[in-house]
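Work through the exercises below with the sequence and the model open. Each task is followed by a stepwise solution.

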Amino acid sequence: MSGQLMLFLGISIIILLLVIICYRQFLFVRGMRANLKKVSEKLSTILEQDSDEKVMVFTDDKALQDLIGQINRMLLNRQKIKADYRKQELSSKKMLANISHDVKTPLTVILGYLEILRMDRKEDEGLQKVEVKAKQVVEMMNQFFTLAKLEAGDTSIEMTKINISELCRENVLGFYELLLQKEFTVDIAIPEHNIFVQGEKESIDRILSNLLSNAIRYGSDGKYIGIFLREEPDFVSIDVVDKGKGIEKAFAASVFERLYTMEDSRNRQIQGNGLGLTIVKNLAQQMGGDILLESEPYVKTVFTVKLKPFLKFPIEPTT
């Protein structure tokens, strides 16, 4: 009996040891999985938010510590690359701003001499064409200079209280004679009460003028233009609508890209130098707003300007 008891005890001890080992292995694997999940979730958050944080997980496992260390080294290297890229991008934008200014100056002088020549040779068609093209180049350089300054951060926008209702009316009136000549149907919906936004008058005026001009030029097939002002919970929105040839959905996301133009086999859908829409979107974003586009060719094309409303903060009474 004593031999059988010893054998039983021995087997029981071995089984107990195996159970302990398996349990410890289970705890180790579960802990490792939990830590790896934390690392994965933290890394995913850092990448999605494009933040400069590091992965921090407390563990006694040497292999996992080494892995976290290597991940943080990669994140630090990524951070340095981003900083270098931003520095180079800013330097390039400032260089472009300087170059465009240097090119614009002699072009303006050339245009001045052309105007003097035209005074003595008014019937010279060749000179007229040269002057027209020179003016187009000067306008293109002006737009390029404006965009370069905006992207380089050299343009300061002073935010003030703007009566957007009145500004919308002024812009529509500015184009009204042209709209009548082209026999457009004009649809205007601006609330009778004044609506105020935060922004810069000159920048908002440029945005509206550009969008209305584009709607007249490229929406001429539809003979319709509309401007609708409405208040939303977080923004004041202005819709500039036409019913012309519009922009195919596949290309709609690209119209605000710098120097983007598009042409199909039948006609140009976006013309010009590709800077106007880039400038106005940049201006809107610098004022805390945005410009969006929805288009269904020959049905409706809508450019929506979103601006921040002017908020009145009550002054607490002093005691």
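Buried residues, meaning those under 20% relative accessible area with a 1.4 Å probe and protein chains only (exposed is over 50%, partly exposed in between), make up 34% of the 319 residues in the protein chain. The model is predicted, and local features need pLDDT of at least 70, side-chain atom pairs count only at pLDDT 80 or more, and totals for chains, interfaces and linings use all residues. Residues are numbered from 1 along each chain as its sequence is written, and side-chain values use heavy atoms, with hydrogens and water left out.

**Exercise 1. The chain as a whole**

Task: State how many helices and strands the protein chain has, and what share of its contacts with a separation of 6 or more comes from residues 24 or more positions apart.

Solution. 
Step 1. Helices (H or I, at least four residues) and strands (E, at least two) are DSSP runs, numbered from the N terminus. The count is 7 helices and 9 strands.
Step 2. Contact means heavy atoms within 4.5 Å. Of the contacts with a separation of 6 or more, 67% are between residues 24 or more positions apart.

**Exercise 2. Helix α4 against helix α5**

Task: Describe how α4 and α5 pack, giving the angle and the distance between their axes.

Solution. 
Step 1. Two packed helices are described by the angle between their axes and the distance between the axes. Axes are lines fitted to C-alpha atoms, for helices over the stretch in contact, and angles run from 0 to 180 degrees between N-to-C directions.
Step 2. Helix α4 covers residues 164-181 and helix α5 residues 201-218; their axes are 10 Å apart, at an angle of about 35°.
Step 3. A crossing is left-handed if the near helix is turned anticlockwise from the far one by less than a right angle, and right-handed if clockwise. The crossing of α4 with α5 is right-handed.
Step 4. Ala, Val, Leu, Ile, Met, Phe, Trp, Tyr, Cys and Pro count as nonpolar, Asp, Glu, Lys and Arg as charged, and the others, Gly among them, as polar. By these classes the contact of α4 with α5 has 11 nonpolar, 3 polar and 3 charged residues.
Step 5. Take Val 172 of α4. Val 172 is buried at 7% relative accessibility. Beyond residues up to four places away in sequence, Val 172 touches Ile 188, Leu 212 and Ile 227. Val 186 is 14 residues from Val 172 in sequence, with 9.2 Å between their C-alpha atoms.

**Exercise 3. Helix α5 against helix α7**

Task: Which residues make the contact of α5 with α7, and what is the hand of the crossing?

Solution. 
Step 1. The two axes cross at roughly 145° and come within 9 Å. The crossing is left-handed.
Step 2. Helix α5 supplies Ser 203, Arg 206, Ile 207, Asn 210, Leu 211 and Asn 214, while α7 supplies Gly 276, Leu 277, Ile 279, Val 280, Leu 283 and Ala 284. The contact divides into 7 nonpolar, 4 polar and 1 charged residues.
Step 3. Asn 214 is buried at 18% relative accessibility. Leaving aside neighbours within four places in sequence, Asn 214 contacts Gly 219 and Leu 277.
Step 4. Thr 278 also lies in α7, which spans residues 276-286. Thr 278 has a relative accessible area of 7% and is buried. The side chain of Thr 278 reaches the backbone oxygen of Phe 256 at 3.0 Å.

**Exercise 4. Salt bridges**

Task: How many salt bridges does the structure hold, and which residues are linked in a network?

Solution. 
Step 1. A salt bridge is a side-chain nitrogen of Lys or Arg within 4 Å of a carboxyl oxygen of Asp or Glu. The structure holds 5.
Step 2. Asp 239 pairs with Arg 230, with 2.3 Å between the closest N and O atoms. Asp 239 is buried at 12%, whereas Arg 230 is partly exposed at 32%.
Step 3. Lys 306 and Glu 232 form a salt bridge at 2.9 Å, N to O. Lys 306 is in strand β9 and Glu 232 in the loop between β4 and β5, so the pair ties together parts 74 residues apart in sequence.
Step 4. Arg 230, Glu 232, Asp 239 and Lys 306 are linked in a network of salt bridges.
Step 5. Asp 290 forms a salt bridge with Lys 281, the closest N and O atoms being 2.7 Å apart. Asp 290 is partly exposed at 23%, and Lys 281 is buried at 16%.

Methods:
Polar contact = N/O pair within 3.5 Å; in protein donor to acceptor, adjacent residues only side chain to side chain.
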